[in-house]
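Here is a short report on one protein chain. Look at the fold first, then read on.

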Amino acid sequence: MKKIILIACALTCTASLYAGHSKELKLTSPEGVHEVMFRQEKISSSVNEIIYQVKYRGREVIGNSRAGLQLDNRTWELALARKINQVKCWMDNLEVDSVIYQPAVNKSWHPLYGERSTVREAYNEATMYLSKKDGSNYRLNIEVRAYDEGIAFRYFFPEHPQAIFHKVVGDLTEYTFSPGAMAWAEQWAQAPFEHLAINDIKQPVERALTVELSNGLWVALTDADVDDWCLTKFVASPTKQNTLTSVMYSPVDIVTYYATPWKVIMAADKPGELLEHNDIIQNLNPPCEITDTDWIRPGKIMRETTITTEGAIATIDFCAAHHIPYMLFDWQWYMPCTSHDGDATKVVSKLDMPRVIAYGKEKGVGVWVYVNQHALMKQMRELFPLLHKWGVVGVKSGFVQYASHRWATWLHDMVRLAAENKLLINIHDEFRPSGFSRTYPNLLTQEGIRGNEEFPDATHNTILPFTRMINGAADYTICYFDKRLKNTHAHQLAASLIFYSPLQTIFWYDRPAFYQGEPEIEWFENLQTVFDDTKVLEGAPGKHITMARRKGNEWFVGALTNNEGSAQSVNLSFLDKGKTYLARIYTDGGDKIKTRTQVKCTRLLVDSSQIMQFALKPGGGVAMQLVPVTDQEIKEYKKYKGQVL
């Protein structure tokens, strides 16, 4: 219904549109950064194809590539007594009728939370109208937008006058690159990465898919507004070199009129710009549909691992002392939690849930609970009102299916139902975001990432910001005191900033008793989870990443290196000129630091004219909080003088 309302409203604005008789659609983004062209190409006397191209600042990004969908409506046509000539490919006998260009859009809006507090939405837009001349009354529109951040297009089916149901069985969209393109590919959302040539992608791989072109450009392929569709991946074409084809997980049954998800192609000179420009995904989703959002509060969260009343009380005390507003009961607070025989309305006997929730309210710590898909399927409509009545603030859904059309709609309807009951949501396991949190911001975060729970190495972590994080927030589940960590503790501190999540999980495998007064824990205490501005200062996948995020007048900076380590510089030119800041710096200090974590805490005065130098150990990192100084602090602390830290 969401798409229908939006599109129906758009169609009422026909007075502001102007039509062209050309069968070619050409668009340039507002500042001329991206260009896109769609045209009809006659393959034979009876076969037409729609071809598109994308350029970035005049340089080719996507060469001649096919666009379109494959449908199999034969059963519905026969059921409705419609005898329609069957063609090999549903797109073959579509013809372009016209191209219409809409007025340019240039505005800004303020998200409830995000990586920046103001989002610019500026694009040029056009629609290509196609129809069949065989008496079938089939029509298809291709809606195209050109942003400076990237190109987006989707397929729209106008209402069919005979109400023939549409069964989409294939996505024909191709992405053709110049020879030599290399992709950072993973076969599932929590998979390790492979660095592959386009022709070597033999198994379907996830989006966002980041590709380095031989001409030096960086490209990301992703999607947006995917609450009523199936999972789509990419695989090398078996017939066309250097070309990716689209792979649908399942058929999609639709009732016209209907819009597919947006396909997004982003290009940039540097890989970090792809991450900086990921607001395009939010912009392609509908605005917030929740009227009262006062109860939606981002923050940090810690897991309670014992599932006991005593353990929960201790964890709440720890959270309250260290500025962590949420605590999570993960699996096994109801049993059996991975079976249809489980009952999530009944709490295990060792846990006094009412007492814990009441104590949390006294301490200002909200309680979340994990619920497996088995219980969600069986009793979600009964459970969500009950959890709200108990005083639970959020649900972490686990092992949910999401890839088929059926389960995708089920999962997004779960988020809607949670909103009706004022419950926050964190979707775990394979699900990846496509901007739905703009429309339903009670969906604070999701996993869909090979995170710290699986103890990935540092090189993997330097790939994630340029790939997975383009999609949106990720619950990386920071571990800190666990002995299985492959990376340094300063790396862990920085990761909590690099991997954006409005609900930032810290101390995933830890308990309050593990804390022994390590001074760097103040980083977690001061860390924000939503920001007013975000900048990628430097980096490349597999090598390193340095980011800066601002909240109010404070900046947080994080840098991660790979398994080999690196010398990193942090240019502070993003700071306000003429101001002095106190830099609280957390680095790996080695054996000289007599704590278990060996994190060195340093305080120095800095300003926007300086470039700080760091020698990051293999698997290491650095975290910094930069705060405008007081008069007393100027007297108390030394200035940074260019030394390597």
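UniProt annotations may be inferred rather than shown by experiment, and feature names are shortened here. With that in mind, UniProt lists "domain: Glycosyl-hydrolase 97 catalytic" for residues 304-449, in an unreviewed entry. The model itself is predicted. Over residues 304-449 the chain is 42% helix and 17% strand. The end C-alpha atoms of that span are 22 Å apart.

UniProt also lists "domain: Glycosyl-hydrolase 97 N-terminal", again from an unreviewed entry, for residues 27-287. This span is 7% helix and 51% strand. Its end C-alpha atoms lie 25 Å apart.

**The sheet**

Strands of a sheet pair through backbone hydrogen bonds, either parallel or antiparallel. Here seven strands form an open sheet with parallel pairing, in the order β27-β26-β25-β24-β23-β22-β28. Strands β27 (443-446) and β28 (503-505) stand at the edges with a single partner strand each, so one side of each has no neighbour in the sheet. From one strand to the next, the twist averages 25 degrees.

Four bridges join β23 (residues 326-329) to β24 (residues 366-372). In one of these strands, β24, G366 is the bridge partner of Y326. Helix α5 (residues 309-321) lies across β22 (299-304) and β23, at about 155 degrees to β22. Helix α8 (residues 405-420) packs on the sheet too, touching β25 (394-398), β26 (424-427) and β27.

**The cores**

Which residues have the most contacts inside the largest nonpolar core? They are F329, W333, V371, F384, M414 and F507, in a core of 118 residues. Its largest share, eight residues, comes from α8. F329 touches residues including E304, L351, W368 and Y370. Another core lies apart, with 64 residues, among them W90, Y155, F177 and Y258.

**Salt bridges**

Side chains of opposite charge can pair when their charged atoms come close. The structure holds 31 salt bridges. Three of them are listed here.

| Pair | Closest N and O atoms |
|---|---|
| R432 and E186 | 2.1 Å |
| D317 and K363 | 3.9 Å |

R432 sits in the loop between β26 and α9 (436-439), and E186 in the loop between β13 (182-185) and β14 (194-197), so the pair ties together parts 246 residues apart in sequence. R432 is buried, at 2% relative accessibility. E186 is buried as well, at 3%.

D317 lies in helix α5 and K363 in helix α6 (residues 353-363), so this pair ties together parts 46 residues apart in sequence. D317 is partly exposed, at 30%, and K363 is partly exposed, at 40%.

Terms used: Residues numbered from 1 in each chain as written. Predicted model: local features only at pLDDT ≥ 70, side-chain atom pairs only at ≥ 80, totals over all residues. Heavy atoms only, no water. Pairing = 2+ DSSP bridges. Helix = DSSP H or I, 4+ residues; strand = E, 2+ residues; numbered from the N terminus. Axes fitted to C-alpha atoms, helices over the stretch in contact; angles between N-to-C directions. Contact = heavy atoms within 4.5 Å. Core = buried A, V, L, I, M, F, W, Y, C linked by side-chain atoms within 4.5 Å. Buried < 20%, exposed > 50% of the residue type's maximum accessible area, 1.4 Å probe, protein only. Salt bridge = Lys/Arg side-chain N within 4 Å of Asp/Glu carboxyl O. Lists of a residue's contacts leave out its neighbours within four places in sequence.
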